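This briefing walks through one protein chain, topic by topic. Keep the sequence and the 3D view open while reading.

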Amino acid sequence: MISAEPSDYEGEQVNFDDLTEWTWLTQANLSFDEHHFIDYRMQKEEAQQLIQNASVIFLCGGDPVQQHKFLAEYELSDMIKNSNAVIIGASAGALNMAAKWISSADANPKDETTTFYEGLSFDHFAYESHARRDYSTFVKGYLFPLSEEMNVYAAEQESAIRVKKGKINILGPVYFISESKIQKLIETL
């Protein structure tokens, strides 16, 4: 698991039972011989070795900008993209898996400006997590213009998209935005 708040931890290693993403895996009865939490407390070389040998890589939720910087600083982006592991992303992690994503003051008051980020680009589309249909300024001001460049998937809370061998599956309320037109997608999972 790769932290989306890699500098927020000090001292002892994280208790996995306290991680929301870990509870999802245990509730689904998924178990692993080994599991690790990668953040700034781990040396860069060890993090790279763990990614290289991983069968599953989970990009956790939290702050997408911090996670983006951490992936670059630890030189993990290309390693993840070229990995044969199953790659999972929640919230911030899902944003960083997309080709592009937006961090804006309209959607996140901590941001002073709007910044477009290049993600890992597993597939050629932009992604917005925690989307809400009632924030039309953000959709019209940022997602519509981006949709002229590439398709955008906007997933509401408790929703997901899965891309497997080029096929996209939908769970929960997810919207597809292309050429400034928006449509709600049908659940396929």
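The buried residues of helix 2 are covered by elements that include strand 1, strand 2 and helix 4 (77–81). The buried residues in question are Ala47, Gln48, Leu50 and Ile51. The model is predicted, and helix 2 (residues 44–53) is where confidence in the chain is highest, at a mean of 97.

- Viewed along the axis of helix 2, the buried residues fall within an arc of 160°, so they line one face of the helix.
- Glu45, Gln52 and Asn53 lie on the other side of helix 2 and are exposed.

**Confidence in the model**

- Over the chain, the mean pLDDT is 87.
- A value of 70 or more is reached by 91% of the residues.
- Confidence is lowest in helix 6 (residues 136–149), where the mean is 80.

- An open sheet is built from 3 strands in the order 1-2-3, with parallel pairing.
- Strand 1 (2–4) and strand 3 (86–89) are at the edges with a single partner strand each, so one side of each has no neighbour in the sheet.
- From one strand to the next, the twist averages 10°.
- In general, the strands of a sheet pair through backbone hydrogen bonds, and the pairing is either parallel or antiparallel.
- Strand 1 pairs with strand 2 (residues 56–62) over 2 bridges, in the parallel sense.
- On strand 2, Leu59 is the bridge partner of Ile2, and Gly62 is the bridge partner of Ala4.
- Strand 2 also pairs with strand 3 in the parallel sense, over 4 bridges.
- Leu59 stands opposite Gly89 in strand 3.

**Ser3 in strand 1**

- Ser3 belongs to strand 1.
- The relative accessible area of Ser3 is 1%, and a residue under 20% counts as buried, so Ser3 is buried.
- A polar atom of the Ser3 side chain lies 2.8 Å from the backbone nitrogen of Glu5.

- Helix 1 (residues 20–27) has Glu21, Trp22 and Leu25 as buried residues.
- These residues cover an arc of only 100° around the axis, so they are on the same side of helix 1.
- Strand 2 is what the buried residues of helix 1 pack against.
- Asn29 follows helix 1 and has a positive phi, near 60°.
- Helix 3 (residues 64–73) lies across strand 1 and strand 2.
- The direction of helix 3 is at about 135° to strand 1.

**Asn96 in helix 5**

- Asn96 is part of helix 5 (residues 92–97).
- The relative accessibility of Asn96 is 1%, so Asn96 counts as buried.
- At 3.2 Å, the side chain of Asn96 reaches the backbone oxygen of Pro64.
- Apart from neighbours within four places in sequence, Asn96 is in contact with Pro64, Gln67, His68, Leu71, Trp101, Gly119 and Leu120.

**Leu143 in helix 6**

- Leu143 is located in helix 6.
- With a relative accessibility of 1%, Leu143 counts as buried.
- In sequence, Leu143 and Thr26 are 117 residues apart.
- In space, Leu143 and Thr26 are 35 Å apart, C-alpha to C-alpha.

- Strand 8 (residues 160–164) and strand 9 (residues 167–171) run antiparallel and are joined by 5 bridges.
- Arg162 has Asn169 in strand 9 as its bridge partner.
- The two strands, strand 8 and strand 9, form a hairpin with 2 residues between them.
- Lys165, in the turn of this hairpin, has a positive phi of about 55°.

Note on methods. Residues numbered from 1 in each chain as written. Heavy atoms only, no water. pLDDT = per-residue confidence, 0-100. Pairing = 2+ DSSP bridges. Axes fitted to C-alpha atoms, helices over the stretch in contact; angles between N-to-C directions. Contact = heavy atoms within 4.5 Å. Buried < 20%, exposed > 50% of the residue type's maximum accessible area, 1.4 Å probe, protein only. Polar contact = N/O pair within 3.5 Å; in protein donor to acceptor, adjacent residues only side chain to side chain. Arc of directions from axis to C-beta.
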